[in-house]
Amino acid sequence: MLRGLFLLFLLSVALFARSFEEIKNSKTLKVAMRQNSMTYSIDKDKIIPGFDYALALEFSKFLDTKLEIVPVHMFRDYWFRDGKLIFKSPPPVTPDIFDKADMTLDIISKNKKREKYISMIPYIQNKTIIFSNKDSNIKTVEDLIGKQVLLFEGMQSQYLLEKILKKKNIDFKTFSSKYDEKSKKMIIDKSYKNSKDTVNFILINRKEKMPFLYVYLSVYQKDVDASSTDAFSLFQKLHEYEYLKDDLIPAFTLDENMGYLSATMPKQKHELKEKFSEFIEISKKNGLLNKLMKEYLNIDLQTYSKILEYHENKK
């Protein structure tokens, strides 16, 4: 009975996933990713590559295959199996996306919860980072006292910043906000009164409808003093939208431990996993990764890594 269940489990995990030999024989590597400025975009049927697309293309060349993109509509589409969120079932459960793709290469952070279900192979460092308008003169968490910090409610950045503030015995207050379509302005809760003695969190609901680049523009236009995102996304936006880079600057990171963006694959794809890890190591040594960072984020790998080394939890 147990042996039968084990065989059923193996079939359920590997039913659709192609083996490395099948990938090589087909001469095609199928990579799933969403369409955005950090992966790729399409203009008049022409692909405009972002960092992840360029990295996937180089990996396909490394394997002597052609790259085939499997389009993904939403981030949540990576985490479903037969219409159900995989995290609601005990692992391992292979997401539907691997019925169509051999791997994913997208803005997906490595964490223990996801690793129970899929293989995650890191390719670039990443951390949660506070960024500010240069006129706000924010370099440390103490500089946030008396300032407005725009954050998505309930997200990792709020949790990490609150943790640091409590550790340093710095008071903070939270106020809700929303974007008003009619006035094209941020509306903060009526109870709001900026305090010079506390850090003032201006929270927005992540499901709130808002303009593209809303968080970045709010800091750029000085509606608030600072906000948070991940470092990789910040430098990509500063490179893509040049008018932002003169006024928005990174301040400090919030994570104590280094985080990573990761390619993902089904658990059983050991050889493809090993090949991608080998490719990343070679790309670090031969300068390819540095070249892609400069081309798509306008920052070299060494400078990027150095910025990520400093975090407020060290103090």
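On one side of helix α11, Gln-302 and Lys-306 are exposed, where exposed means over 50% relative accessible area, buried under 20% and partly exposed in between, calculated with a 1.4 Å probe on protein chains only. The model is a predicted one, in which local features need pLDDT of at least 70 and side-chain atom pairs count only at pLDDT 80 or more, while totals for chains, interfaces and linings use all residues. Residues are numbered from 1 along each chain as its sequence is written, and side-chain values use heavy atoms, with hydrogens and water left out.

Helix α11 spans residues 301-309, and its buried residues are Leu-301, Tyr-304, Ser-305 and Leu-308. Viewed down the axis of α11, these buried residues fall within an arc of 95°, so they line one face of the helix; the arc is that of the directions from the helix axis to the C-beta atoms. Helices (H or I, at least four residues) and strands (E, at least two) are DSSP runs, numbered from the N terminus. At the start of α11, the backbone nitrogen of Gln-302 has a side-chain oxygen of Asp-300 within 3.2 Å.

The cover over the buried residues of α11 includes β8 (119-126), α7 (231-240), β15 (248-253) and α10 (288-297), contact being defined as heavy atoms within 4.5 Å. Of these elements, β8 has 6 of its 8 residues buried, so it is largely enclosed by the rest of the structure. Strand β8 pairs with β16 (residues 259-265) in the antiparallel sense over 7 bridges, where pairing requires that DSSP find at least two bridges between the strands. Within this pairing, Gln-125 stands opposite Tyr-260 in β16.

Strand β15, another part of that cover, contains Ala-251, which counts as buried at 17% relative accessibility. Although Ala-251 and Phe-131 are 120 residues apart in sequence, their C-alpha atoms are 5.1 Å apart in space. Once neighbours within four places in sequence are left aside, Ala-251 is in contact with Ile-130, Phe-131, Ile-138 and Lys-139.

The side chains of Asp-102 and Arg-18 are joined by a polar contact of 2.7 Å. With neighbours within four places in sequence again left aside, the residues in contact with Asp-102 include Ile-23, Thr-28, Leu-29, Lys-30, Met-265, Pro-266, Lys-269 and Leu-272, as well as Arg-18. A polar contact is a pair of N or O atoms within 3.5 Å; within protein, one must be able to donate a hydrogen and the other to accept it, and residues adjacent in sequence count only if both atoms are side-chain atoms.
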